Amino acid sequence: MGSAVNHTERLSSQDFTTLCERLRPQCEMLIAQYPNKRSALMPMLHLFVDDEGYASREAMRFCAELLDLTAADVESVVSFYTLFFQRPVGRYMLQVCRNLSCTLSGAEAIMSHCRERLGLQSLQTTEDGLFSYEEVECLAACDRAPCMQVNLEFVYDLTPQKIDEMLDAIRAGTYGVAPLAQTASPARTWILREDREIARGERSAGGVGVPDPDDAGGIGDESGVIMLDRIFADNARFAGRTRERVVVEPGPILEAITE
């Protein structure tokens, strides 16, 4: 690896088909390990991330088809876990812990130094695609604070000098942590536009044009009665439900409460 990153174009349709066929036997082996094949979703996604560098739309569709899931099922998993990136990221993901122990040990100065050296804010990627930077919650290494992860490898007892030496080694291609896969040039941020808008307090697509998305009854029904009528009128909603216990049986717990 040199001091600059040579980007490759996004995998072509033909290349992605070849990738799928290469990974299919491993995916089928993973599926065979679980009574419910849906449980193989996350390890399957990791296979594609290891090759593509992120969870692409094509990879999510392939996993959905192989596991008999909907695209929404797969995307809900990918969007829940922060280490599944939905867009290309840098070849080195730098994640500095900002939680209590690290903050008390000087993490604020470390994060400020990283931002200055990289020219980035949290959740951004350098123009050359080499570094992505994120300030994260507890990395569970409080005894070696302040700490960070570089492509998930821990770096402890951080100082500005240690940060400088690490960045210089990565740029020189001599750092001891392997770069991530990168099959497409990353944008300035890997956060999806919809996620960013919601994080800022803006509305998701389902809330656009609705005066009060928190109104249980919907537009024009502040009481919520219309929504309740709709729920109880839908018999299918309750089909197949088990009978829930509605009588509290006497026993030691109840007797202790009533004494």
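This section describes the sheet, the helices around it and the salt bridges of a predicted model.

Strand 1 spans residues 92-97. Its pairing with strand 3 (residues 131-136) is parallel and runs over six bridges. Its pairing with strand 4 (residues 148-150) is antiparallel and runs over three bridges. Strands of a sheet pair through backbone hydrogen bonds, in either the parallel or the antiparallel sense. Tyr92 stands opposite Phe131 in strand 3. Gln95 faces Glu134 in strand 3, and Gln95 also stands opposite Gln149 in strand 4.

Strand 1 is mostly covered, with six of its six residues buried. In a regular strand, side chains alternate between the two faces of the sheet. In strand 1, Tyr92, Leu94 and Val96 point one way. Met93, Gln95 and Cys97 point the other way. Both sets are buried.

Helix 3 (residues 57-67) also contributes buried positions. These are Ala59, Met60, Phe62, Cys63, Ala64, Leu66 and Leu67. Asp68 follows helix 3 and has a positive phi, near 60°.

Asp68 also takes part in a salt bridge. Its partner is Lys37, and the closest N and O atoms are 2.6 Å apart. Asp68 lies in the loop between helix 3 and helix 4 (71-80), and Lys37 in the loop between helix 1 and helix 2 (41-52), so the pair ties together parts that are 31 residues apart in sequence. Asp68 is exposed, because its relative accessible area of 61% is over the 50% cut-off. Lys37 has a relative accessible area of 30% and is therefore partly exposed.

The model holds nine salt bridges. Side chains of opposite charge can pair when their charged atoms come close. A second pair that links distant parts of the chain is formed by Arg144 and Asp157. The closest N and O atoms of Arg144 and Asp157 are 2.7 Å apart. Arg144 belongs to the loop between strand 3 and strand 4. Asp157 belongs to the loop between strand 5 and helix 7 (160-172), and the two residues are 13 apart. Arg144 is partly exposed, at 34% relative accessibility. Asp157 is likewise partly exposed, with a relative accessible area of 32%.

The side chains of Glu21 and Arg24 meet at 3.4 Å, N to O. Both residues belong to helix 1 (residues 13-32). Glu21 and Arg24 are three residues apart, about one turn of the helix. An α-helix has 3.6 residues a turn, so residues three or four places apart point the same way. Glu21 has 45% relative accessibility and therefore counts as partly exposed. Arg24 has 25% relative accessibility and also counts as partly exposed.

Salt bridges also join into a network. Arg117, Asp164 and Asp168 are its linked residues.

Notes. Residues numbered from 1 in each chain as written. Predicted model: local features only at pLDDT ≥ 70, side-chain atom pairs only at ≥ 80, totals over all residues. Heavy atoms only, no water. Buried < 20%, exposed > 50% of the residue type's maximum accessible area, 1.4 Å probe, protein only. Helix = DSSP H or I, 4+ residues; strand = E, 2+ residues; numbered from the N terminus. Pairing = 2+ DSSP bridges. Salt bridge = Lys/Arg side-chain N within 4 Å of Asp/Glu carboxyl O.
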